[in-house]
Amino acid sequence: MAFDGGAVSTEFVASTDLKLDTVVPSASQKLPNLRLLSFSDLATDIDKFLSAARLSEKKAAWLKLRDLTAELKSKSEGRWDPAAGEPWHLTSVTVVGYQGATNQVIMKVDPSPGVTIIHGPNGSGKSTIADGIRTALAGSTKWWTSVEQKSSRSKLEPLWEKLHAAIDAEKTMAEVVLSRRGERLALSCLIDSDGEVASHDAEWTLPSGEVMSVDLRETAWNHALAGHPPVFAYADIERRVQQSKDLREYIENLLAFGGCFVVLNDRVADLSEKSASAKKCIDDAVKEAKSRIAQVDEVNGKLDPAVSVGVVNWPTWISDIDAWLEENQLSDSGGFLPQVTDKHAEILTAALARTGDAFLSIDASPDSVKRKLANSLRGFHEHVMDLESPGTECPVCESEQADWPLRLRKSVSELADLEPLHLEAESSLIELKRSIETEMQQVISVLRSSTVPVVTSQELLDRVQSRADGLCQVLERYGCQPTSVARNFFTELRSLLETRDWWRACVEATSLSAFDKQWRLKRRAAIEDFVSAWRENAEVAGEYQLWKAVSVCLKDLTGHLRDKRAQDFTALAGGRVKALLDDAGIVLEDVRLTTQRAEVRVQNPAGQPLSLAMLSAGQRNAFLLAPLLATIESGPFGFLVLDDPVHAFDEIRVDRLAAVLAEIASRRRVIVFTHDERLKAHLMARSLNYNSWAISRDLETGVISLESTDELWRMLIDDAEYIRALAPKVSVNGYLNETQIIRGLLRQAVDIALHQAVVRNALSSGRDVVENLASLDSCQNTLARFDKAEEVIIVPDGSKHPVREAKVRCGVYLKTWNNAVHGTPIEKKDLKSEIDVARKACMDLAGS
């Protein structure tokens with residue numbers, strides 16, 4: 001134990017002595033490899049379906065799926081993905097305030113192949129470390145696969161769900177460090193007080209020394225974890241797999257379809273959904289447009305039953321909106337225009353003629369100043385009569401004439417014969433003004449608002465508008481009196497409105513604002529939203545049927561891959577089931593997955609079908625463990641973590657599992673957390689390369705501690721001492737005598753201690769363990785291995801070099817022990833002293 005700043009920290013190294021170039025071949029290596037599918041794999045299968053397709057629609061769909069796969073492959077190339085490449089090896093685990101760990105626990109692991117056994121009673125912290133590894137790898141406290149989350153108020157809330165944040169923990173964190181050939185991947189997971197993951201960081205150090213952060217969600221990492229889970233906890237899986245659909249999910253994840261398939265599936269689903277959504281948008285717009293056109297037709301049909309504009313044609317799918325609009329005479333669009341008819345010209349012409357006649361009548365009366373001022377005098381007289389006291393001073397000549405109002409009345413009365421003429425002129429101007437503001441303005445409005453080119457010149461319209469505006473302003477100012485100013489504007493306006501150009505303008509306006517045309521404009525306005533929806537969505541919606549067919553093709557591809565991989569899975573898992581349950585006669589015959597359930601065929605010793613419900617607890621555990629052990633070889637993880645893998649196992653099952661794990665450990669590091677001494681004993685008996693640690697937890701403080709137990713080099717030296725005590729005399733029988741056996745054990749013991757010293761020093765110095773061990777294993781004899789280890793191991797300046805100390809202590813014994821392994825006859829001397837020297841040398845190396 002080490003104390004750092006008041007925080008209790010436990011650190012240990014799990015190591016092995018197996019040489020990296022000593023790989024035991026496995027039967028599973030000859031079986032199918034369920035690695036994650038790549039885009040190239042998918043493209044190969046798609047091409048097979050494409051070549052077998054006969055219908056053009058089917059060929060188009062498969063071709064679309066192949067093109068999409070190629071596009072996704074192109075986009076994925078060059079991306080950094082830690083799930084690709086050689087397997088990652090576990091080098092260290094750190095948990096702080098996680099589950100039952102109130103202290104900081106640091107576990108350093110030898111990444112080379114071998115077995116690490118961590119044994120201790122229930123509640124000692126084994127699952128804390130195992131779950132910490134899984135949480136740090138996945139960035140989630142949940143199982144590898146998705147699980148429906150129940151509300152805390154739900155009666156279905158899991159009763160035994162783990163609490164991942166330790167009580168009163170200031171910080172909850174789980175971290176693992178992985179390595180492979182000069183690369184380092186640190187995964188750190190921070191957990192909040194509710195036990196949920198607050199952040200998950202991945203820092204990837206490349207061989208060049210460059211460090212970069214990786215968003216694992218953008219890689220195939222989580223798919224690799226689901227397809228090749230490197231952590232197995234029977235209690236967790238047994239709790240999750242309760243129904244056939246749960247077993248289906250568990251097995252389907254182990255089929256390892258992988259991120260490429262998921263990306264392709266999601267992309268097809270996304271594009272299909274967008275196409276369906278776009279088509280629905282157009283379909284809804286069509287439905288609304290039909291309803292609006294029906295309303296327009298109903299209203300306009302009643303206005304003029306004699307007019308018919310034809311029925312709008314609505315095909316199943318409109319491929320060209322402009323052609324469809326042209327076909328249904330709906331190309332023109334614009335605002336609603338007033339309807340100009342022949343009556344507009346007639347009314348305006350009549351108003352002009354009447355006003356002209358009124359002015360002529362006035363002009364035909366006797367001419368005098370008094371007559372010319374008749375209207376003004378009459379108005380002046382009306383104002384005087386409204387006065388209470390007009391006074392005696394004439395407002396014209398400013399003379400005192402008390403009777404000037406009477407003289408004014410007499411003058412006005414003498415003009416009575418002119419009043420009808422002026423009243424007619426005033427009435428005609430009022431009518432003309434109204435006609436200008438209505439009929440004339442509607443003609444101009446139609447011509448100016450036309451969306452198609454018009455023949456009438458804009459200059460004519462501007463001149464007419466200018467004269468009309470001038471006349472209307474004068475009439476507004478003088479109350480429609482036939483003044484000379486009004487006469488001048490009238491004359492100019494009439495000269496324009498009685499030309500042939502204006503007549504053609506009226507005819508053109510009448511044509512543009514015809515009732516049937518207005519009807520069609522209203523139709524066009526009614527479908528404007530549909531036209532906009534079509535232009536916005538038609539390109540995507542046009543491929544709706546194609547994407548629908550592509551989805552069917554993808555479903556066929558999924559079924560093909562599921563069946564093929566299930567067949568491969570059956571072969572792989574069946575081998576592991578046989579290895580674990582052969583003595584019970586239980587055979588895995590077939591595994592088939594449907595969309596809802598898993599159909600697993602198992603036979604009993606009599607060859608009869610066996611229901612999974614008939615398996616014992618131990619057999620069920622073995623049955624769930626077998627698939628994981630079968631598929632771990634295909635994934636990107638060079639390690640396997642097992643938490644309580646022998647639940648309800650009998651002695652035979654424990655031994656069979658130990659045999660399987662020892663075989664797996666020849667190629668990867670297997671870390672076993674167990675309270676079962678049987679498994680520990682069987683693994684130690686079957687594994688030449690193992691180390692064992694005892695784990696315990698203080699019930700009051702929650703501090704987790706680990707201590708090394710039964711180091712292999714120590715056991716080998718004890719065996720040598722035991723043989724020496726039993727055989728004091730040299731035997732002449734057998735291939736090797738007792739002296740050679742003892743010295744061979746001593747040579748193997750110091751070699752193992754040397755191996756462990758290299759591993760510990762590489763881990764503590766941050767060097768590549770695999771590379772250092774490969775360098776060590778390149779040496780063919782003990783002396784050369786000591787020299788290489790002395791070169792590889794780095795110690796601080798001024799410190800004693802453990803390898804040099806051990807080498808000096810052993811002296812000539814190193815050569816003696818090395819020769820004994822090869823059967824060289826050597827005289828027996830003081831074997832007890834040799835054993836003592838070897839033990840002290842191993843202790844020197846163990847302290848490095």
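**Exercise 1.** Work out how helix 7 and helix 18 are oriented to each other in this predicted model.

*Solution.* Start with the angle: helix 7 (residues 258–303) and helix 18 (residues 528–541) pack at about 155°, axes 9 Å apart. Axes here are lines fitted to C-alpha atoms over the stretch in contact, and angles run from 0 to 180 degrees between N-to-C directions. Helices are DSSP runs (H or I, at least four residues), strands are E runs of at least two, numbered from the N terminus. Over 145 degrees counts as roughly antiparallel, so helix 7 and helix 18 are roughly antiparallel.

Next, who touches whom (heavy atoms within 4.5 Å)? Helix 7 brings residues including Lys274, Ala278, Ile282 and Arg292, and helix 18 brings Asp529, Phe530 and Trp534 among them. Sorted by type, the contact residues of this pair come to twelve nonpolar, two polar and four charged.

**Exercise 2.** Find the strand order of the six-stranded open sheet, then its edges.

*Solution.* Reading across, the order is 10-13-14-5-15-16, and the pairing is mixed. Strands pair if DSSP finds at least two bridges between them. Strand 10 (231–233) and strand 16 (704–709) each have a single partner strand, so these two are the edges. From one strand to the next, the twist averages 20°.

Now zoom in on strand 5 (residues 114–119) and strand 14 (residues 669–674): they run parallel, joined over six bridges. His119 has Thr674 of strand 14 as its bridge partner.

Residues are numbered from 1 along each chain as its sequence is written. Local features need pLDDT of at least 70, side-chain atom pairs count only at pLDDT 80 or more, totals for chains, interfaces and linings use all residues, and side-chain values use heavy atoms, leaving out hydrogens and water.

Technical notes
Parallel < 35°, antiparallel > 145°, perpendicular 65-115°, else oblique. Contact = heavy atoms within 4.5 Å. Nonpolar A, V, L, I, M, F, W, Y, C, P; charged D, E, K, R; others polar.
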